[in-house]
Amino acid sequence: MKVYNTLTRQKEEFVPLEEGKVRMYVCGPTVYNLFHIGNARTFIIFDTIRKYLEYKGYEVNFVQNFTDIDDKMIKKAQDTDTTVKELGDRYIMEYYQDADKLKIKRATVNPRATEYIEEMITFISELIEKGLAYEVDGDVYYSTKSFAGYGKLSGQNLDDLQSGSRVEVDERKKDPMDFALWKKVKPYEPSWKSPWGFGRPGWHIECSCMALNLLGETIDIHAGGTDLVFPHHENEIAQSEGRSGKTFAKYWLHGAFINVDNRKMSKSLNNFFTAREILEKYDSEVVRLFMISGHYRTQINFTIELLDSAKASLERMYNALTRLNGYLSTASEEVQPEDEMVKSSLLAYKERFVEKMDDDFNTADAISVIFELIRDVNIKINENSSKALITFAMELLRDLGSPLGILQNSVGGTLEEEIEALIEKRNEARKNRDFATADKIRNDLAAEGIILEDTPSGVRWSRKS
């Protein structure tokens, strides 16, 4: 398996620190609002990567934090006349509600930054002792020039970064690029006691400290959106490696942005969508399929038309499963001579699927393989196939969909039971020559996108593509 490492700017063979186990840290949300579709893509991308690693047999210790103390949270709490803690409590619950609906597997641990204040104080104290940080009137700053490797993740040296970045002007800093590890308390802000007085941690130290305490000094994968490469992840490296003298993360993975109608998503352009708004109109698997339809390092464009296209694609996939499921009721229990040959030919698609996913988690090409498999299944399997072969094909489709978070919905659950009941009611109406009722049932189902097909072996139904 090869992964693209932002640090080296090339694909590398993935070799975990400990055989069979992966330590993975993904930067999570700042919990002051519902997460938007840009956040959703990041969460879905790394959920898919995590699931694929588990699909390959790795035991993944997956940590995704909640930033529950920072400037945005303080401002939102003040604006809404609530406390920062109450705000965090509320939006952590809101996050779980939306993430669960998107079929994002819960992290091994979801640490809150405020749970690690004492550990952050210890971390910062060690940096000061090493001469990598300094205190000025209750604030503590990291000295970027004291870390020789600063800029290696973003691929720029310190001078280039300084000239190309907007940095907060503070005459007390030794260098404009130095960043805050600890911030002196201001009126009406939450604060904690420290050796430098009451204050709160800076953003960057939070993730370094949580990763250290939950995964160790060196981890396998550190991930997040491309917007975090600089300064957040660059600063994490400086802090963590400056403190330990060891490599912080072996592989750095970053997911690309979403544009909306070919323009950057922003509140000022009024093209800002929350994940919840989209989930009110589209099934979670449609959203997932859309988000992974392009490679995770490729920027994608969000439009309703593209989301509808993903919906139609998913319906074609489910039509294949529904068709196979329909064959089961009349399929023979007897294994047929050609079954093993057909199974072998279908299994070749799994090999190709794994090959695509092993190439830096190429979900776009992996999805194409699933569609090729469906075309072959439609040719090779019919109502005369054995029950064992039909079941095998269904399980194979489910299997390939599982790490992507698609094709996991029931094709024999509540909705299907309702459809089957209506079909039975229609059959009774036809027997009684009540064609008006029979036609109404057919038309009502058609209006819901369900197409009925009368065949010699009974009525089959499928979802409209």
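Tutor: Let's begin with a term we need: a residue counts as buried when its relative accessible area is under 20%. Keep in mind that this is a predicted model. Ala366, a residue of helix 12 (residues 363-380), has a relative accessible area of 0%, so Ala366 is buried. What does Ala366 contact, leaving aside neighbours within four places in sequence? The partners are Phe353, Lys356 and Met357. Lys311 is 55 residues from Ala366 along the chain, and their C-alpha atoms are 17 Å apart.

Phe353 leads us on to the nonpolar cores. The largest of them has 133 residues, and Phe353 is among those with the most contacts inside it, along with Met24, Leu53, Met317 and Leu346. Helix 10 (residues 304-328) gives this core its largest share, ten residues. Not counting residues up to four places away in sequence, Met317 touches several residues, including Leu289, Ile367, Ile370 and Phe371. Apart from this core lies another, of seven residues, among them Ile419, Ile441, Leu445 and Ile450.

Two of those names take us to helix 15, whose buried residues are Ala438, Ile441 and Leu445. These cover an arc of only 60° around the axis, so they sit on the same side of helix 15. On the other side, Ala436, Lys440 and Ala447 are exposed. After helix 15 comes Gly449, with a positive phi near 85°.

Technical notes
Residues numbered from 1 in each chain as written. Predicted model: local features only at pLDDT ≥ 70, side-chain atom pairs only at ≥ 80, totals over all residues. Heavy atoms only, no water. Buried < 20%, exposed > 50% of the residue type's maximum accessible area, 1.4 Å probe, protein only. Helix = DSSP H or I, 4+ residues; strand = E, 2+ residues; numbered from the N terminus. Arc of directions from axis to C-beta. Core = buried A, V, L, I, M, F, W, Y, C linked by side-chain atoms within 4.5 Å. Contact = heavy atoms within 4.5 Å.
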